[in-house]
Amino acid sequence: MQDVNSNNSELAVSARQQDVDIKFLFAKVFGNWYWYLFTVLILSIIGVLVYLYVSPRYTVTGRVMVTGYNPQGKAISGTDESTVLQNLGTIFSAPNSVSNEMEIMHSRTLVEKTVRDLQLNVTYWAQGPIRFDESYINSPFFIKELTLKNISSPIEYDIRVIDGGDKVHFEDESTDSVFTMSFGDTIHTYYGSWVLLRNPNVTEKNPHHTLGMIINGWPQTLYTYMEYITATNINEYVNIIDLSISGPTPQKNEDLLKYLINLYIQADIDDHNRIADSTIAFINERLASVSESLTSVDKDIEEFKKANKLTDLTNDANELLQTSTTVNQSMQDKQVQYKVVDDLENYLSDAGNSTRVMPTTAPISDPAFVQTLDKYNSLELQRQSLLQTSTEANPNIKSIDIQLGQLRGDLLSMLRTYKKGLNTEQDDLVSRNSTMQGSIEKVPTQQRMYLDFTRQQNVLQGLYSYLLQTREQTAVSKSSSLSDVRIIDEPIRGPLPYFPSIIIITAAVIFLGLLIPSLVLFLRELLNKRIISTDDIGNATNVPVVANIGHVKSKKHGKLVVSKEARTEVSEQFRTLRTNLQFLMPEASEKTILVTSSMGGEGKSFILLNLASAIALSGKKVLVMELDLRKPNIYPVLNINNAVGFSNYIISDIKTADIIQPTDVHPNLYFVGPGTIPPNPSEIMAHTKVQQLFSDVKNQFDYILVDSAPIGIVTDALLLDKYADMMLYVVRQRYTFKKQINLIQGLANDKRFKKINIVLNDVKQLPGYASRYGGKYSHGYYSDGKRSVFARIFRKKRTQETV
């Protein structure tokens, strides 16, 4: 049962400590409200300066849709040889991937061309009411760069428009060179040459208006904009690309994105046109060859008719010709296909065509062939694009060359396989035709020869018509000039700047205004190694704290603050300590109190002297013994002659009564001084006459208060342990180290003294706490002798109202 009660008590203490910790945190915050207010005020000033002096930054966004993207990743193919080239603009072009298009749109080539065409490496500035801002199109002048060398650092000019706006004065801040130019003049400098142009939309005649111009190198400008421009696809299920760029000049960023998008669209159209141009060139070559063959056959027929004097063929072989027409037509179709495939095979086999786009005249509807041909053309276009900015030694180009070689081999393999199929079909048709030839042999030789010429003519005419139709379809596809990219939203800036924003600055001021002081207070508490409150003492020792003595603001009384007339808070705390001694020392024989501390400066002499005064005021006879022989400081406060004292008593034959002196503090308060400072204080304390001295004074006084040397420095106090009925260990707030409390606990564990109690000295009210008696609610109970100006004014006014 006792264990249960003990556990419940521990839980209650733990809960109470936790509650005090929470109160302490809130007290720290509200008690240091002025630091929070000061921080918020400073941050508010900084926020206002940032809002006024930082150029607002806007985000410009635009959206485009890649309409040619095929989610299945397959190209659309024709169904038979008559429709192979019908959709030439889209069949053999690569299906657009949104990821690939984002990379192309953000590529160095397109961004560099945009930067150079818009001449974005030159910025124009103008002094506004508060700050310098980029003027962009509002600049009264522009320059047109003719040449620009590679410069590592920006060229900055301080500019004024003079002579009523007809001339411009330039001052180079880096070289201190000064020159004046008229509009239309050309200047040659160490970094390049440029022409000064007038902006017809802006007039500037104020010669005192500060203008500026900065010329940056191309590489720096290029990589700056490549870093600023972003291309994203917010949803993988849609083929829409979001373009954005942020900066302080929204109009310039809008123009940049618009130009970049248009440049990308034009590049896409140029890719399609290059495929169409390659196809048309191939068709023109074949048309010239077929035209020559067709002309030759026509001449042969003409000569045959003239030689055999034929004007009209008999109708005897009409039925035979009708029967063979179907076979001959099939043979003609296969021969046309075979001829086209053979030409494509020769084209691919020719090493001179290894870097050219593959013509799209193959009469093959097989999806595998169409996809392979599509991939081959895409890689060839990609290789040509890379060669514009790199050489063939580039690893990417070499990798593409390897892929092209593999695809070229695959295409040749497919063409040869298709040719074998055509040969098989032609063999079958030849067999059928041979059967027909048996019947045709009955036809006159002239008619049979004429039939051979006619068949050749029909084949060539069909091929010629086929090529003409294909060329027209390709030309129509090229002339359409349509791109797979469609603009959804034109680039436009947001309605409000994203920085500096009043909402963001206000939130930052409030957040940092709370965070910074809290962190400072937290770190201060975390790094603090000194005693702040009784909790710090309680966490290190179980020795009780019997009194908290407050901080003495007034120094007019010196160390003695307890007197008959004193009604201060500190004097009442000493009276409370005096009352507690009655419970701590209930036996009549318990009279001696040893006062010590861990080190000098903790106020043990202050505590002893005022406690003695408080006891004397209660009518008790009190003796103060200053036995801190190393650094005594009480006798000067009491204005007592220290010629004869404790050390003289030990080393001479004088009596106890000879060293006891009355004081001016109170008739009941007597004093024994340290006497002559000895060279060996410890040996003096260990002398046998010390016991006789304590025995004599105990018979004469009600209380004996002994001031000893700090126990944390020397052992003098330990030599007096057998004479002391109780020890008061003085600890000073914000002065005593926390680790020194372990010394008190060690004394308690060793039981060197009968009773050990702690007095916390120089206690200042913690922020937010009314920790001392009365605290902020003690108005009217204590009189500290000093009031603030506001308190005196308020008291005077209240007195007048009362009267």
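Guide: What follows starts with the salt bridges and then moves on to charge, contacts and backbone. The model is a predicted one.

Side chains of opposite charge can pair when their charged atoms come close. Under a cut-off of 4 Å between a side-chain nitrogen of Lys or Arg and a carboxyl oxygen of Asp or Glu, the count comes to 18 salt bridges. One of them pairs Arg63 with Asp242, where the closest N and O atoms are 2.6 Å apart. Arg63 belongs to strand β1 (residues 58–66) and Asp242 to strand β12 (residues 240–247), so this pair ties together parts that are 179 residues apart in sequence. The two partners fall into separate classes of accessibility. Arg63 has 28% relative accessibility and therefore counts as partly exposed, while Asp242, at 15%, counts as buried.

Another salt bridge lies within a helix. Arg116 pairs with Glu112, and their closest N and O atoms are 3.3 Å apart. Both residues sit in helix α5 (residues 108–118), and because they are four residues apart there, about one helical turn separates them. Arg116 is partly exposed, its relative accessible area being 39%. Glu112 is also partly exposed, with a value of 22%.

Arg160, at 23% relative accessibility, counts as partly exposed.

A patch of negative charge on the surface is formed by Glu156, Glu171, Glu173 and Asp176. Glu173, one of the four, is placed in the loop between β6 (167–172) and β7 (178–182). With 47% relative accessibility, Glu173 counts as partly exposed.

Next come polar contacts between side chains. Ser597 is part of strand β15 (residues 592–597), and because its relative accessibility is 0%, Ser597 counts as buried. Its side chain is joined to that of Glu602 by a polar contact of 3.3 Å. Thr541 is also in a polar contact: 2.3 Å joins its side chain and that of Gln745. Thr541 is located in the loop between α13 (534–538) and β14 (545–550). At 7% relative accessibility, Thr541 counts as buried.

Lys252 lies in helix α7 (residues 250–308) and, at 6% relative accessibility, counts as buried. Lys252 and Ser135 are 117 residues apart along the chain, and 9.8 Å separates their C-alpha atoms. Thr232 is in strand β11 (residues 230–232) and is partly exposed, with a relative accessible area of 39%. Between the C-alpha atoms of Thr232 and Ser244 there are 8.6 Å, and the two residues are 12 apart along the chain.

The backbone is the last topic. Most residues other than glycine have a negative phi, and most peptide bonds are trans. Asp163 has a positive phi of about 55 degrees, although it is not a glycine. Asp163 is in the loop between β5 (155–162) and β6. Arg734, again a residue other than glycine, has a positive phi near 60 degrees. The loop between β20 (726–732) and α21 (741–750) holds Arg734, which is partly exposed at a relative accessible area of 35%. As for peptide bonds, a cis bond joins Phe499 and Pro500, with omega at about -5 degrees. Pro500 is found in the loop between β13 (485–493) and α12 (502–527).

How values were computed
Residues are numbered from 1 along each chain as its sequence is written. This is a predicted model: local features need pLDDT of at least 70, side-chain atom pairs count only at pLDDT 80 or more; totals for chains, interfaces and linings use all residues. Side-chain values use heavy atoms; hydrogens and water are left out. Patches are made of residues with over 30% relative accessible area and no salt bridge: like charges are joined within 9 Å, nonpolar side chains (Val, Leu, Ile, Met, Phe, Trp, Tyr) within 5 Å. Accessible areas come from the Shrake-Rupley method with a 1.4 Å probe; for residues, only the protein chains shown count as cover. Lys and Arg count as positive and Asp and Glu as negative; His and the chain ends are not counted. The place of a charge is taken as NZ of Lys, CZ of Arg, CG of Asp or CD of Glu. Helices (H or I, at least four residues) and strands (E, at least two) are DSSP runs, numbered from the N terminus. Buried means under 20% relative accessible area, exposed over 50%, partly exposed in between (1.4 Å probe, protein chains only). A polar contact is a pair of N or O atoms within 3.5 Å; within protein, one must be able to donate a hydrogen and the other to accept it, and residues adjacent in sequence count only if both atoms are side-chain atoms.
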